[in-house]
Amino acid sequence: MVAKKGGSKGGGMVGADDAEEELARTPLQAIVLADSFTTKFRPITLERPKVLLPLVNAPMIDYTLAWLESAGVEEVFVFCSAHSKQVVDYLDNSNWFGQPNFSVTTIESHNAISAGDALRSIYEQHVIRGDFILVSGDTVSNMSLSQALKEHKERRRKDSNAVMTMVIKQSKPSPITRQSRLGTEELFMVIDPETKQLLYYEDRGDNLKGYLSLDKALLTDTSISLQNDKQDCYIDICSPEVLSLFTDNFDYQHLRRDFVKGLLVDDIMGYKIYTHEIHSSYAARIDNYRSYDTISKDIIQRWTYPLVPDVQFFGNSATKLERQGMYRAPEIKQSRSAKIGPFTVIGTRTSIGNNTEISNSVVGEGCSIGSNVAIEGCYIWHNVTIEDGCKLKHSIVCDGVTMKSGAALEPGTVLSFKVVVGRNFLVPAYSKVSLLQQPIKQDSDEELEYADNSSGITEIPSISGTLDELNEEERTELPDSQEYEVGDGGVGFIWLVSEGGLEEEWRHSVAPILVDKLVGIMQITNDEADISNEDGAFLPPSGELGPDSVTNDSNEDGEDTRDDSVIFEREVEATFQRAVEEEVTEDHVILEVNALRLSYNMTSADCAGALFYSVMKLALDSPHDSPNELVKNVATTVKKWKKLLKYYLPSIDEEIEVILKFEEMCLESAKEYSPLFVQILHHLYDQDIIQEEAILDWASEKEEAEESDKVFVKQSEKFIQWLKEASEEEDED
């Protein structure tokens, strides 16, 4: 069934070899798959389509449509199967219909249970007439499509078999968890560096063997690039043949696992997939709780501009940006004693009681938050009531939830719609609480991805309200053992997590991964590496084979990565590199580093040391042929980022930390700086980055140290003596 709105035009398929003038007249079209959710979002998606869930006070699908409209797309076809009525009703009542030069059409099919079924259904409608953009309704982006489209069309003119261009972006996975910051598995791709053709695609989640198997034919090519530092943005520019390929191959169900991999190994038809890498733009997809948290933070920290809380676009409510990345909507009632921390969004008509503290959180519209409440790293949706004395950490609280006085949520908790948590009840970490009892039959991801609630899911009827509102008949349906599962006066069922599924819960949670979990992963990784090296069967975890693959140094690195501070420093370095590549302002870098600081519970000194390391590494990585040129690099880089460095140097203690970090670099990671220590320290002093007092205190603290720790103090003796004499002259004056 096709429900057309906004003047959508019909028409037949256009082949790849049609006339140029016909292609020029064809409006740019897009297909939005509005049911692309998986079991990682249960139980929320059993009650409401994921694309309509609020993302920083606007439904996800509004971010997707706003981007497509800004990118020049003229016709959008929103495909929906599960919860289709909710999606259609929302769009009917939104402002998307009736926009000039931008039409939105909904296509419903209650028989589709996979992405392949969805695209086959769209093919039967004959609405796509040329190249089109394929995305899911949970995509957030601000990229321009013009260059990617240009490359795609130029390739099509030369080779009609070039049927798809995938958008990718650099996103190095964690060396510990092997996951990206979005919670997605480590991705391996083989790309032709000249043509950008995709030759191999392997999601680590699909590769349970722990190693890759490459076709020998790939290795015969003159040049290939094996990469595992890329993020699949799930934004595809497709030719019309993509739809017909799904129709001709009914075993194509999953877009990546079936379609992409199927084309890559098909030598008969010769169809090709290419990549387009973006650098300064933002593009990401939400398919688990961690990516929901990460993208929400990116929106608040303005990486997605102009799709940010204080810029009006369809679906969001106006808010005002204040200091430290704090956003407030109008009509907020806040007690004078309440404290709203950085990177927090407060929705309209929300009230906040006495001595309540909220930080790094999003609070929706119409919420009532009592006194002495502590909220950290949470997503509170609309019309939520949180009574006095409640404690919430790194959790998601859906619409209409009530938390009675003294209740608490441990990290990773999800409270689904209209749940009531009883007085003084502690909800355990990573719990999922719903008015629906846990389904008896478990569906696969593909079956749940496009299925209606009634298709293949055996459920016990939901509770329609609080216990006080239930009638006698409804009360008798509740099992006695679960009636008060969430405390005195509470309503809801805690869903059980299988032992094997617990790991996925904390990997994909909005809560930061606990240090003991990281230590456990490292231990397993080290054990596996030891076994592999003994057998001689596998490459080391890094993928690089050298004469000293297993050394004491590598073991020391393994120990270091267990330290939270090391992980923090790597995150700061990645943030800084991203700022350099994308020409981000210092203010935005400060916002993101502050978020990391709060997330890892670090100090200003930690931030100062990590940023100084990043700045000095940038100077070292810049081209230079002599020590003098390296010093010039340092001077140029320090001058450019002086404001950023000074922001985290409020006192002498932080300045001393910078000197100590510089010592550490000279001895370990950047020995090229070692003979230049005094010269660069003097430059930092001349630029007012390091004060005289900090240098003298550093030298004084080293007096009782071992001789091996006095290398750079001795190297700086003349400079230190000069500072002392200058200080004494000032005192005499």
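Start by selecting arginine 285 and tyrosine 234: the arginine lies over the face of the tyrosine, at 5.0 Å from the ring centre. A charge sits over a ring here if NZ of Lys or CZ of Arg is within 6 Å of the ring centre and within 35 degrees of the ring normal. Before moving on, note that this is a predicted model, where local features need pLDDT of at least 70, side-chain atom pairs count only at pLDDT 80 or more, and totals for chains, interfaces and linings use all residues. Residues are numbered from 1 along each chain as its sequence is written, and side-chain values use heavy atoms, with hydrogens and water left out.

Now try lysine 50 and phenylalanine 41. The charged end of lysine 50 sits over the ring of phenylalanine 41, 4.9 Å from its centre.

**Rings next to rings**

Next come aromatic pairs: rings of Phe, Tyr and Trp (its six-membered ring) pair if their centres lie within 6.5 Å, and planes under 30 degrees apart count as stacked, over 60 as edge-to-face and the rest as tilted. By this rule the count comes to 18 aromatic pairs. Select phenylalanine 246 and phenylalanine 259: their ring centres are 4.7 Å apart and their planes at 20 degrees, so this pair is stacked. The two link distant parts of the chain, 13 residues apart, with phenylalanine 246 in helix H8 (residues 241–248) and phenylalanine 259 in helix H9 (residues 255–265). Helices (H or I, at least four residues) and strands (E, at least two) are DSSP runs, numbered from the N terminus.

(Buried means under 20% relative accessible area, exposed over 50%, partly exposed in between, using a 1.4 Å probe and protein chains only.)

Jump to phenylalanine 662 and tyrosine 673. Their ring centres are 5.8 Å apart and their planes at 70 degrees, so this pair is edge-to-face. Phenylalanine 662 is in helix H21 (residues 652–667), while tyrosine 673 is in the loop between H21 and helix H22 (677–686). Both phenylalanine 662 and tyrosine 673 are buried.

**Strands side by side**

Select strand E11 (residues 230–238), which is mostly covered: eight of its nine residues are buried. Two strands pair if DSSP finds at least two bridges between them. Strand E5 (residues 132–136) is joined to E11 by three bridges, running antiparallel, and leucine 134 stands opposite aspartate 236 in E11.

For another sheet, look for six strands in the order E16-E19-E22-E25-E28-E31, an open sheet with parallel pairing. Its edge strands, each pairing on one side only, are strand E16 (333–334) and strand E31 (420–421). Zoom in on strand E25 (residues 385–386) and strand E28 (residues 402–403): two bridges join them, and they run parallel. Isoleucine 386 stands opposite methionine 403 in E28.
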